[in-house]
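Good morning, colleagues. Please bring up the sequence and the coordinates, and I shall go through the side-chain contacts, the helix packing and the surface in turn.

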Amino acid sequence: MNRCMEIQAQITDYIDGSLTPDKLEGFITHIQSCEECREELNIYYTLYLGILQLEHEDEEVKELYDLDGALAEELLHSEHLIRRRHFFQGLRYVIYTTAFWCILLATLLQLRIFVDLGIL
């Protein structure tokens, strides 16, 4: 229940898009598994879109929103960001590992050249 309170405190930050990547991942993971927190997010998101529509009522925003669809799309977008972040973290790990082994191999080959030339 303590985790739910922490997640529910982050709902407005999620809607504003101000969660850090680590907090976003924890938020999305919890929202996917906790029906109570997802319902709370749904309420806040509905209110957010309603207020947004009222603020822009003089413009052409009077169309009806598919609120559940909009939230589902927003959550899908967040999941995509998390997957992309994981992909690039893995890619960075592969690049760093490859660079390490290339430097190590180049050093060993250089030492072998020095030994063959009698420098060492």
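**Salt bridges, helix packing and surface**

Glu6 is partly exposed, with a relative accessible area of 41%; here buried means under 20% relative accessible area, exposed over 50%, and partly exposed in between, with a 1.4 Å probe and protein chains only. Before I continue, please note that this is a predicted model, in which local features need pLDDT of at least 70 and side-chain atom pairs count only at pLDDT 80 or more, while totals for chains, interfaces and linings use all residues. Residues are numbered from 1 along each chain as its sequence is written, and side-chain values use heavy atoms, with hydrogens and water left out.

To return to Glu6: which residue does Glu6 form a salt bridge with? The partner is Arg3, and the closest N and O atoms are 2.9 Å apart. A salt bridge is taken as a side-chain nitrogen of Lys or Arg within 4 Å of a carboxyl oxygen of Asp or Glu. By this rule the count comes to four salt bridges. Glu6 and Arg3 both belong to helix α1, three residues apart, about one turn of the helix. Helices are DSSP runs (H or I, at least four residues), as strands are (E, at least two), numbered from the N terminus. Arg3 is also partly exposed, at 36% relative accessibility.

A second salt bridge joins the side chains of Arg85 and Glu25, at 3.5 Å from N to O. Arg85 lies in helix α5 and Glu25 in helix α3 (residues 21-33), so this pair ties together parts that are 60 residues apart in sequence. Arg85 is partly exposed at 25% relative accessibility, and Glu25 is partly exposed at 23%.

Next, Asp116 forms a salt bridge with Arg112, the closest N and O atoms being 4.0 Å apart. Both residues sit in helix α5, four residues apart, about one turn of the helix. Asp116 is exposed, with a relative accessible area of 60%, and Arg112 counts as exposed at 56%. Salt bridges that share partners join Asp22, Glu25 and Arg85 into one network.

I turn now to helix packing. Two packed helices are described by the angle between their axes and the distance between the axes. Helix α1 (residues 2-9) and helix α4 (residues 35-55) pack at an angle of about 20°, with their axes 10 Å apart. The axes are lines fitted to C-alpha atoms, for helices over the stretch in contact, and angles run from 0 to 180 degrees between N-to-C directions. Helices α1 and α4 are therefore roughly parallel to each other (under 35 degrees counts as roughly parallel, over 145 as roughly antiparallel, 65 to 115 as roughly perpendicular and the rest as oblique).

Helix α4 also contains Glu36, which is partly exposed at 44% relative accessibility. Glu36 and Thr107 are 71 residues apart in sequence and 57 Å apart in space, C-alpha to C-alpha.

Finally, the surface. A nonpolar surface patch of about 1000 Å² includes Phe100, Trp101 and Ile113 among its residues. Patches are made of residues with over 30% relative accessible area and no salt bridge, with like charges joined within 9 Å and nonpolar side chains (Val, Leu, Ile, Met, Phe, Trp, Tyr) within 5 Å. Ile113 is found in helix α5 (residues 67-117) and is partly exposed, with a relative accessible area of 43%.

How values were computed: Accessible areas come from the Shrake-Rupley method with a 1.4 Å probe; for residues, only the protein chains shown count as cover.
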